[in-house]
Amino acid sequence: MTPLKPERAFYITTPIYYVNDVPHIGHAYTTIAADILARYKRLEGYHVFFLTGTDEHGQKMEKAAQERGVDPQTHCDEMVQRFQSLWQRLNISNNDFIRTTEPRHKKVVQKVLQDLFDRGEIYQDVYQGWYCIPCERFWTEKDLLEGKCPDCLRPVIEISENNYFFRMSKYQQWLIEHIENNERFVLPRSRRNEILGFLRSPLEDLCVSRPKKRLKWGIEIPFDTDYVTYVWFDALINYVSGIGFGSREDRFSQFWPEAIHLIGKDILTTHAIYWPTMLRAAGLIPPQTVFAHGWWTIEGKKMSKSLQNVVEPNRLIDVYGVDAVRYFLMREVPFGTDGDFSRSAMVHRINSDLANDLGNLFSRALSMVVRYFDGFVPKPSLPQAVDRELEEVSKKVFPQVSRHLEDLAFNKALASIWEIVSAANKYVDETAPWSLAKETKDRPRLGTVLYQTLESLRLVALLLAAFMPSTSERMWSHLNVEEPIWGKNFEMDGTWGGLKPGAKVVKPTPLFPRIDPASITL
Ligand code: MSP
């Protein structure tokens, strides 16, 4: 393995999820995407920090705890485990997990607030307007849709109270220029245009406090203890508190501002407007990229508790297996667009791409090595044109996958990897190793063909490691590659010829058993 180059730092985050929610496919989607990038960058030799966590303050948490008759902290401590255990089952390789109720986070929020207040970036004023309790958001008269919350269409209440405001409007021009000068700050492009469009209207200052008489469960405002912090102001700061802003400056400066925030399209405004202006006011550089992905519908319908169609990842894993879930979500639709989750699409993908194209090829190749070479990887002899063609495909695919992942085009990256799988299937069909074994008893040629096939599968395993970590590990151990896949590096190990002749392969078990569509009820 080549030594890590410390200057190549990569910081990837997910939103911190409301701890109250039952983790669903939307949460899993972003977290899997972040995990793939983290794992891939590690294999590219980057020094990676991958952060996820939970958003634990606010009215919803306070109310849910009250209803259960427990204090909010106990409630959060219990709820957070559902996310943590799901991430374990999904093989998520986060470096840390930040909870907004942790002292390390609260300290940073209070430090930022105090600093902004001391410098006049936060001021007190009377707030008059409309408030949506479920969304915990203030709206002005003109924001309302037929007198209701424009986000959730539920009734709002009118309020007038003293509050603290962050001078967000002051940064409007700076933000427009920042977005215009940094093509990759808001992605995809359509979202960037959406934000620039939004910024054509005047930006208002942001109310960052909530009076304790209305909400107790929050981070106390350090300069006025009658108030707690607005939950979004609190939550966004996780991206810097989680890597040591104000406590571990060495680590913070290693990773900030090389950050990529993955989020869903519904929380773009908070990430592309509130967050960069907050950072600017605090004297920090905005993150490199905020990427807003699309939403999943379920069998053509919006996912909602009332429709009882919330797709729970744990149940999906039980039925289809963890890597099939990871694969499907990333392969089915481009990351920036909406997609539909359907049972038939999932079964089709698993059966065709995973069981058939990849799984069968792997089993066939290993079985022949076991049968004709007692399980020892044969030594290749002089390559023919057809052998070289297969090598060329894998050579071409490595840079393609990296490029697609730079663009967060997970589906294209997987399609590129499948170019090797298809080329290897075609190669096996054309070279017909079973005939070589039967008819000519041409062992050197048969050995070359099987070596080439297994070597292409070793490279597929390496490329797939970020996407389907346990499948890659299984492939790796079947091929009896001694060093663990995670110690590998694309630069060193991604070149043709890494498979050691003489290694003893393992008799295959199916990587992905075929699923009978009739047997699935989920
Ligand atoms: N707590 C805030 C985020 C704070 S980040 C500083 C929050 N949490 S959330 O629990 O509601 O989770 C949100 C994430 O799930 C968002 O990125 C949202 O887009 C995503 N999804 C929720 N439903 C979804 C789908 N149906 N499909 C895809 N993603 C979806 O917002």
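Let's start with the ligand: 24 residues surround it, and the closest are Ile 16, Asp 55, Gly 264, Asp 266 and Trp 296. Here a residue is near a molecule or strand if one of its heavy atoms lies within 4 Å of it.

A word on the source. This is a predicted model, where local features need pLDDT of at least 70, side-chain atom pairs count only at pLDDT 80 or more, and totals for chains, interfaces and linings use all residues. Numbering runs from 1 along each chain as its sequence is written, and side-chain values use heavy atoms, with hydrogens and water left out.

Now the polar contacts. By that I mean a pair of N or O atoms within 3.5 Å; within protein, one must be able to donate a hydrogen and the other to accept it, and residues adjacent in sequence count only if both atoms are side-chain atoms. A polar backbone atom of Ile 16 sits 2.8 Å from a nitrogen atom of the ligand. Asp 55 uses its side chain: an N or O atom there is 2.7 Å from a ligand nitrogen atom. For Asp 266, a polar side-chain atom lies 2.4 Å from an oxygen atom of the ligand. How much of the ligand does the protein cover? The figure is 94% of the 680 Å² of accessible area that the ligand has on its own. Areas come from the Shrake-Rupley method with a 1.4 Å probe; for residues, only the protein chains shown count as cover.

Who builds the shell? Strand E1 (9-18), helix H1 (25-43), helix H7 (231-236), helix H8 (238-241) and strand E11 (259-264) each supply at least two residues. Helices (H or I, at least four residues) and strands (E, at least two) are DSSP runs, numbered from the N terminus. E1 gives the most, with four residues. By type, the shell has 13 nonpolar, eight polar and three charged residues. Ala, Val, Leu, Ile, Met, Phe, Trp, Tyr, Cys and Pro count as nonpolar, Asp, Glu, Lys and Arg as charged, and the others, Gly among them, as polar.

On to the sheets. Six strands form an open, parallel sheet, ordered E3-E2-E1-E11-E12-E7. Its edge strands are E3 (96-99) and E7 (186-187), each pairing on one side only. Strands pair if DSSP finds at least two bridges between them. E11 and E12 (residues 289-293) are parallel over five bridges. Ile 260 has Thr 289 of E12 as its bridge partner.

The other sheet has three strands, E14-E13-E15, open, with mixed pairing. E14 (301-302) and E15 (339-341) stand at the edges with a single partner strand each, so one side of each is left without a neighbour in the sheet. E13 (residues 296-298) and E15 pair in the parallel sense over three bridges. Thr 297 stands opposite Asp 340 in E15.

Last, the backbone. Most residues other than glycine have a negative phi, and most peptide bonds are trans. Leu 187 and Pro 188 are joined by a cis peptide bond, omega about -10°. Pro 188 is in the loop between E7 and helix H6 (189-198). Another cis peptide bond joins Trp 256 and Pro 257, with omega about 5°. Pro 257 is in the loop between helix H9 (249-255) and E11. Glu 299 has a positive phi, near 45°. Glu 299 is in the loop between E13 and E14.
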